[in-house]
Amino acid sequence: MLKYWKKFPITQHITRKAKLSLSQCFMDRVQVSNRMFWSQICNMNVSKLRNTRLYKTTQLLALYQNHYSTFMSSFEKSQHNAIAGRDGVSSEKMTRIEHFNCDMAYATRPKSARARFLCGEDALFIGPNKDNSTLLFSVFDGVGGYSQLGVDPAEYSNLMADSCRIAFEENSKTDLRDVLERAYARAVSWGTQGGTTAVLAKYDPSSNQMEILNLGDSKALHFSKDAEGKYALLDETSEQEHFFNCPFQLSSEQSDKPNVADAKMFSISTGDIIVLATDGITDNLSVEEMLRIINEKRAACTDESTFARDCSEALTKRATEIARNPKAKTPFQIRSKGRFEGGKMDDITNVLCYIRKEAV
């Protein structure tokens, strides 16, 4: 047994950390590449080790495997719901939910080609409540600084996306702050390390109102047509930062809480566009550039059913081009007061809602 144990350096690493909390030990999973090895270790007859110094560590590994399996199952469900949703939400980047009066689209580009999740360190969710009366869509941006601690930032943002889905399905009649509080309480109960920003939108077509809740430096932007038929910015959320490039965040350290999130209410009209965007979009694209893209797509549109998808994809594509340009002038560069030059490489995600007709 000892010979088998010493064969795997990662096991020795876990042994040295045997006295750490389960949540801390759980996050060391990012260093494990062989799941079969974990199955072999955790399925051994623990009674044979009861009198050895490895007994407590083996117990911890068994708990760890169970926690990991449940957690990854939750992630896979979150990713499926983010893409596939329910009741008419397609697996394409374009979504038309016939019960509602809007088209939904998303476009994402992870900064790393080896990203484990659909949106890299970002996460998203789009879906109606159980009785199809209200629609929730949201984006989350995992705090990249946790990667320096051996933590995958994507895990926390995806956990929050899935927790918001569960909280919304349990009770969609409450306001978004309550949804976020219940989702955050679930994430805290998991004991998972990490942090994320969050922006959520809840749309009730019967009232033509859209509730917005933002915590951190992701944004919600409301575009509406002016008297000339051109899109203009009608309203937007404000970025929340402790200091430059340090956004408010929901995290395992519990420094910021859902009660500090900013709430807004957008009054919705036919033809309006609402964009939820992580800072991969807003750090690289100015509002003026977003409007240029949206108005160009509107002028070139020949098929109303693809307008939302075309806009969403164009925003992400343009943000990616600018992020890769070391000479680009960006909103992030301006806010940094010259400390940073060029585009900012990041995970780039937006969810776009296009109100195509009056609510019925």
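Reader: Where is the place of threonine 192?

Author: Threonine 192 sits in the loop between α7 (176-190) and β5 (195-204). Helices (H or I, at least four residues) and strands (E, at least two) are DSSP runs, numbered from the N terminus. This is a predicted model: local features need pLDDT of at least 70, side-chain atom pairs count only at pLDDT 80 or more, and totals for chains, interfaces and linings use all residues. Residues are numbered from 1 along each chain as its sequence is written, and side-chain values use heavy atoms, with hydrogens and water left out.

Reader: Why is threonine 192 called buried?

Author: Buried means under 20% relative accessible area, exposed over 50%, partly exposed in between (1.4 Å probe, protein chains only). Threonine 192 has a relative accessible area of 2%, so it is buried.

Reader: How do you know that the span of α7 agrees with what it should be?

Author: The expected span of a helix is 1.5 Å times one less than its number of residues. For the 15 residues of α7 that gives 21 Å, and the end C-alpha atoms are 21 Å apart, so the two agree.

Reader: Which residues of α7 are buried?

Author: They are Leu176, Val179, Leu180, Ala183, Tyr184, Ala187 and Trp190. Seen down the axis of α7, these buried residues fall within an arc of 125°, so they line one face of the helix. The arc is that of the directions from the helix axis to the C-beta atoms.

Reader: What follows α7?

Author: Glycine 191 does, and its phi is positive, near 70°.

Reader: Which value is positive in asparagine 208?

Author: Its phi, near 55°, in a residue other than glycine. Asparagine 208 is in the loop between β5 and β6 (209-215).

Reader: Why does asparagine 208 count as partly exposed?

Author: Its relative accessibility is 24%, so asparagine 208 counts as partly exposed. Asparagine 245 also counts as partly exposed, because its relative accessibility is 37%. Asparagine 245 lies in the loop between β9 (241-243) and β10 (246-247). Its phi is positive, about 65°, although asparagine 245 is not a glycine.

Reader: What makes glutamine 240 buried?

Author: Its relative accessibility is 7%, so glutamine 240 counts as buried. Its place is in the loop between β8 (231-236) and β9.

Reader: Which residues does glutamine 240 touch?

Author: Contact means heavy atoms within 4.5 Å. Leaving out residues up to four places away in sequence, glutamine 240 touches several, among them Asn214, Asp217, Phe248 and Val260. A polar atom of the glutamine 240 side chain lies 2.8 Å from the backbone oxygen of valine 260.

Reader: How many aromatic pairs does the structure hold?

Author: It holds five. One of them joins phenylalanine 307 and tyrosine 354, 5.0 Å centre to centre, with 80° between the planes.

Reader: What makes that pair edge-to-face?

Author: Rings of Phe, Tyr and Trp (its six-membered ring) pair if their centres lie within 6.5 Å; planes under 30 degrees apart count as stacked, over 60 as edge-to-face and the rest as tilted. At 5.0 Å and 80°, phenylalanine 307 and tyrosine 354 form an edge-to-face pair. The pair links distant parts of the chain: helix α10 (residues 307-323) and strand β14 (residues 348-355).

Key: Polar contact = N/O pair within 3.5 Å; in protein donor to acceptor, adjacent residues only side chain to side chain.
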